[in-house]
Amino acid sequence: MDVSKFSLEGKIALVTGASYGIGFAIASAYAQCGATIVFNDIKQELVDKGLAAYKEAGIEAHGYVCDVTNEEQVAQFIAKVEEEVGVIDILVNNAGIIKRIPMCEMTAAEFRQVIDIDLNGPFIMAKAVIPSMIRKGHGKIINICSMMSELGRETVSAYAAAKGGLKMLTRNICSEYGAYNIQCNGIGPGYIATPQTAPLREIQPDGSKHPFDQFILAKTPANRWGVPEDLAGPAVFLASEASDFVNGHILYVDGGILAYIGKQPS
Ligand code: NAP
Ligand code: GCO
């Protein structure tokens, strides 16, 4: 096998919402494999924070303010990137939010906001980069899905609906653009220690672990939360030529949660 197929040398990778968290870890891994990094966030202060973090890691990233739900902003963003950096080879739709509210207490506006960012955003971003990928003759689109692309749980109805839809958007981009040598796959992280899950891991007043923390450890054969770096290798694989015949696949990086009924009573 030609191991250079795992290289990202000469590639331009755009990772959305990558000032920190999972997006930052994936972009950093891409840089280590030779890619030029482009990222966005919705606030200049976050973009600046991200640029400083990348610089500290020895990475000269290109940061832009852009709200992935705003089609006009996205069109201007992509045009600016193509002018200043080059045509995007790899798009990672990472930006996302969650709202943990019992469904019957959630307003339609709250539901719509999650769908807008977690599902409409990836659609808008993919639609903006695919034409240039077609002209270039290749492209990689990686959608950051979730355990909630497969499973539900209390209080995350909007998020599960969005991530379930993102799984099927992934499969549809594969179906519609595979003929143009564009591969669209998903990564389904398990429970990863980032700001998004911090409320689920808070130490209790009595010093004990959060009940949800204990619940996830019992549901994870690896008996640990994931860290953003656990996603780096799978993300590099799906961004590289090594995965050119992988399309429409959701790669779960979950420590085994989906395969496991949960720790049995001792
Ligand atoms: P995070 O720490 O909350 O980071 C999300 C990033 O997306 C933030 O930088 C955020 O910026 C940005 N963002 C939010 N709305 C945006 C918008 N409209 N336009 C552009 N950027 C926007 O989340 P994470 O834990 O790293 O998760 C990253 C992705 O992985 C998300 O799609 C999440 O659903 C998914 N995921 C996470 C886990 C997990 O356990 N952590 C597991 C499975 C999947 P702001 O700070 O300004 O909001
Ligand atoms: C939650 C968590 C999960 C993770 C992730 C799991 O509240 O259940 O936030 O949704 O973020 O999506 O894959």
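Modeller: A polar contact here is a pair of N or O atoms within 3.5 Å, and this cut-off is applied to a predicted model.

Colleague: How much of ligand 1 does the protein bury?

Modeller: The space that ligand 1 takes is the largest pocket, and 29 residues lie around the ligand, with Y20, D41, N94, Y159 and T194 coming nearest. Taken alone, ligand 1 exposes 880 Å², and the share of that area buried by the protein is 92%.

Colleague: Which helices and strands each supply at least two residues of the shell around ligand 1?

Modeller: By class, the shell is made up of 16 nonpolar, 9 polar and 4 charged residues. The elements that each supply at least two of the shell residues are α1 (21-32), β2 (36-41) and α5 (157-177).

Colleague: Turning to the aromatic pairs, how far apart in sequence are the parts that the pair of Y64 and F77 ties together?

Modeller: The structure holds 8 aromatic pairs, and one of them, formed by Y64 and F77, is tilted, with 5.4 Å centre to centre and 50° between the planes. Because Y64 lies in strand β3 (residues 62-65) and F77 in helix α3 (residues 71-84), the pair ties together parts whose separation in sequence is 13 residues.

Notes: Residues are numbered from 1 along each chain as its sequence is written. Chains are lettered from A and ligands numbered from 1 in the order in which they are written. This is a predicted model: local features need pLDDT of at least 70, side-chain atom pairs count only at pLDDT 80 or more; totals for chains, interfaces and linings use all residues. Side-chain values use heavy atoms; hydrogens and water are left out. A residue is near a molecule or strand if one of its heavy atoms lies within 4 Å of it. Accessible areas come from the Shrake-Rupley method with a 1.4 Å probe; for residues, only the protein chains shown count as cover. On a 1 Å grid over the protein atoms alone, a cavity is a set of points where a 1.4 Å probe fits but cannot get out, and a pocket is an open set with protein on both sides within 12 Å along at least five of seven lines; lining residues have an atom within 4 Å of a point. A molecule sits in a cavity or pocket if more than half of its atoms lie within 2 Å of its grid points. Helices (H or I, at least four residues) and strands (E, at least two) are DSSP runs, numbered from the N terminus. Ala, Val, Leu, Ile, Met, Phe, Trp, Tyr, Cys and Pro count as nonpolar, Asp, Glu, Lys and Arg as charged, and the others, Gly among them, as polar. Rings of Phe, Tyr and Trp (its six-membered ring) pair if their centres lie within 6.5 Å; planes under 30 degrees apart count as stacked, over 60 as edge-to-face and the rest as tilted.
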